[in-house]
Amino acid sequence: MSKLTTSASWQALQEHFKQIHGTHMRQLFAEDPKRFARFSLQLDDLLLDYSKNRITPTTLDLLLQLAHECDVPKWIERMFNGDIINHTEHRAVLHIALRNRANRPIQVQGQDVMPDVNAMLGKIRGFTEQVRNGHWLGYSQQRITDVVNIGVGGSDLGPVMATEALRPYASRDLHVHFVSNVDENHITDVLESLDPQTTLFIIVSKTFTTQETLTNAETAREWFLAQHPDTAAIAKHFVAVSDNVKAASEFGIDPDNLFKMWDWVGGRYSLWSAVGLSIACAVGMDNFEQLLEGAHDMDEHFRTAPLEQNMPVILGLLGVWYSNFFNAQTYAVLPYDQHLRFLPDYLRQADMESNGKSVDREGKPVDYSTGPIVFGSVGISGQHAFYQLMHQGTPLIPADLLAAAVNLKPLRKHHEILMANVFAQAEAFMRGKTEKEARAELQAQGLTGDALENLLPYKVFAGNKPTNLLLFHTLNPRTLGRLVALYEHKIFVQGVIWNINSFDQWGVELGKQLAKTVLGELQGDASVSSHDCSTNGLINYYKKLRKD
């Protein structure tokens, strides 16, 4: 058994689970009228209500003991100090430096990184203001009307999510598009409506060798040169976010238009860096800096708040409680805001790529569940889709509901109906509907006898389904920054508890390596026999279809 599962706090939680797991939240609320006040936290206008969880004060105390036993405060300090906590890649983990609005010195191997961070923010401001105010002109001296971000993974999901979330703040004169999939349909669908004279491409690849990104970038370059064959014009229509100056220059990008990435920022934590160039183009640098301010608010809260009052710590511990003691394998993110529709996609990568690990920091296999399967969608759509499983299915699926009290563009009745659903769903997940209540409801509808008895089992809801509700005033750049940083730190806390490295992603590599081998085999006519019989059969059938 592992050090974690044999620890005193883990063993105490196991015993406590045996005592509490059958307790219904209805009972917990009935016994404690102050439960909401006891189990809620606030940071400025951001409220976290975690009272609708299957916990008691004893549960929380034991979870906090686990956090202390796993040295969570020490790990927080190590991250903010710039220690090499990504031990498999020998790197610091400093996305927090990118939004360090206090400008507190942060050292990496004895060097303060903040001057470089601030210089890059200045460069981003200068570039995006030129593009947005029409001073950046294309080869035909026309202003830029469309920006295309070409990236994949963290170089795409973060900018896509944030740009959509902040749509009300975006320029109406500049349209931002995203291409990530190497499927040709993605880039052809984007390019077909664009004019090369007024289009600017942002190529985002730390190494400038990412196969999917470079394939799309080369296609964009070919599309551009087909309509304007002067390669010198590429410099006016292509910029890059990369560390590889040589490769970007060979592509045709002016080194002055190269924006730096640092190895102490992982891709899925990089939207705060120059990877967020497309976000700043869309909403302006002032709003981008408000996004950074919001993340910094949460960073300071995470760094300084006691564990029992610390939002990311509480969310992280609740996730451990359900994953490791209730054996919940999934976790839902349910934003009740259309502009947050890409947040579940973004958090799916952030969580599953970070904590989808089966080996601990000592290189030993773990004997407990780590990262959950994350899914979700906009709340109202989810209610008419997968909430059925969440309410009456057999899996236990903890969920976060997110909502704004005020919409920037209110319409009569819409927001009240939306918010009624938010509060009602959280209550329904918690309360459920007993057989007695269902019977009374059916009787009120006039059903009796066999008709009532036959329908009755289908009208019962077990309830006792845990939710957290994150309620805030308005979805603005600062709020978005707080929310994203909250989840980043929650994921980190869970990684610390599980004794895994949340900042590498070696599992991404194997498929890439095999794909290089297969790619060469797809390009010839010869029958393939070097793989297992299934892969051989699939490749050969594909080649037959292509030939036919």
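L48 stands opposite L470 in strand 13. The model is predicted: local features need pLDDT of at least 70, side-chain atom pairs count only at pLDDT 80 or more, and totals for chains, interfaces and linings use all residues. Residues are numbered from 1 along each chain as its sequence is written, and side-chain values use heavy atoms, with hydrogens and water left out.

Strands (E, at least two residues) and helices (H or I, at least four) are DSSP runs, numbered from the N terminus. Two strands pair if DSSP finds at least two bridges between them. Strand 2 (residues 46-49) pairs with strand 13 in the antiparallel sense over 3 bridges. Strand 12 (residues 399-404) pairs with strand 13 in the parallel sense over 6 bridges, and there L401 stands opposite L469.

Buried means under 20% relative accessible area, exposed over 50%, and partly exposed in between (1.4 Å probe, protein chains only). In strand 13 (residues 467-472), 5 of the 6 residues are buried, so the strand is largely enclosed by the rest of the structure.

## Helix 22

Helix 22 is followed by N499, whose phi is positive, near 60°.

## An aromatic pair

Rings of Phe, Tyr and Trp (its six-membered ring) pair if their centres lie within 6.5 Å; planes under 30 degrees apart count as stacked, over 60 as edge-to-face and the rest as tilted. The whole structure has 24 aromatic pairs. One of them is F80 with F302, a tilted pair at 6.4 Å centre to centre and 50° between the planes. F80 lies in helix 5 (residues 72-81) and F302 in helix 14 (residues 285-304), so the pair ties together parts 222 residues apart in sequence.
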